[in-house]
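Colleague: I am new to this structure and would like to learn how to read it. Could you take me through it, one feature at a time?

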Amino acid sequence: MFRILAIDHVVLRVKDLAGMEAFYCDVLGCTIERERADLGLTQLRAGSSLIDLVPVKGRLGRRGGVAPTIEGRNLDHVCLRIDPFEPKDLLEHLARFGVDAGEVTSRYGADGEGPSVYISDPEGNTVELKGPPVKPPKA
């Protein structure tokens, strides 16, 4: 058989490619890894994973129908494991970019129970920023 090691990539259908690139690169620290204008695809490096941005009017994006909205999203949220997770510093950083953050609280994730905070990207997708586990997952 096989086992899943990690999330490889997440694909977001977007209306404003430049705004989304700025958010994920400038605010969250991703880098542009690869662009395929012929497909309408920009791939951002997010640690060991990728976040693919696909404009809804591009070749790939048109396949998904109308653009996502708050009432009709095509993703509940994506969780990005970050390090370090210093709540005060993190919230100050997000505030400098005008990003409203939810409450920092403990949530369960792949590495176990630990701190996290929810934010929204410019198009309303929810992004969870997750810190290290306080309690490892149950075996």
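Colleague: Which residue of E4 is the bridge partner of Val11?

Modeller: Asp52 is the bridge partner of Val11. Strands here are DSSP runs of E with at least two residues, helices are runs of H or I with at least four, and both are numbered from the N terminus. Two strands pair if DSSP finds at least two bridges between them. E1 and E4 (residues 49-55) have six bridges, in the parallel sense. Before we go on: this is a predicted model, where local features need pLDDT of at least 70, side-chain atom pairs count only at pLDDT 80 or more, and totals for chains, interfaces and linings use all residues. Residues are numbered from 1 along each chain as its sequence is written, and side-chain values use heavy atoms, with hydrogens and water left out.

Colleague: In what order do the four strands of the open sheet lie?

Modeller: The order is E1-E4-E3-E2, with mixed pairing. E1 (9-14) and E2 (31-36) are the edge strands, each with a single partner, so one side of each has no neighbour in the sheet. On average, neighbouring strands are turned by 25° against each other, direction ignored. For such angles, axes are lines fitted to C-alpha atoms, for helices over the stretch in contact, and angles run from 0 to 180 degrees between N-to-C directions.

Colleague: Which helix packs on the sheet?

Modeller: Helix H1 (residues 17-27) does, touching E1, E2, E3 (41-46) and E4. Contact means heavy atoms within 4.5 Å. The direction of H1 makes about 160° with that of E4.

Colleague: Which residues of H1 are buried?

Modeller: Buried means under 20% relative accessible area, exposed over 50%, and partly exposed in between (1.4 Å probe, protein chains only). In H1, Met20, Glu21, Phe23, Tyr24, Cys25 and Val27 are buried. Just after H1, Gly29 has a positive phi of about 85°.

Colleague: What is the volume of the largest pocket?

Modeller: On a 1 Å grid over the protein atoms alone, a pocket is an open set of points with protein on both sides within 12 Å along at least five of seven lines, and lining residues have an atom within 4 Å of a point. Points are joined across faces, edges and corners, and the volume is the space filled by probe spheres set on them. The largest pocket holds about 870 Å³. Its lining has 36 residues, of which Cys79, Leu80, Arg81, Ile82 and Lys130 lie nearest the centre. Among the elements giving two or more residues to this lining are E4, E5 (77-81) and helix H2 (87-96).

Technical notes: On a 1 Å grid over the protein atoms alone, a cavity is a set of points where a 1.4 Å probe fits but cannot get out, and a pocket is an open set with protein on both sides within 12 Å along at least five of seven lines; lining residues have an atom within 4 Å of a point.
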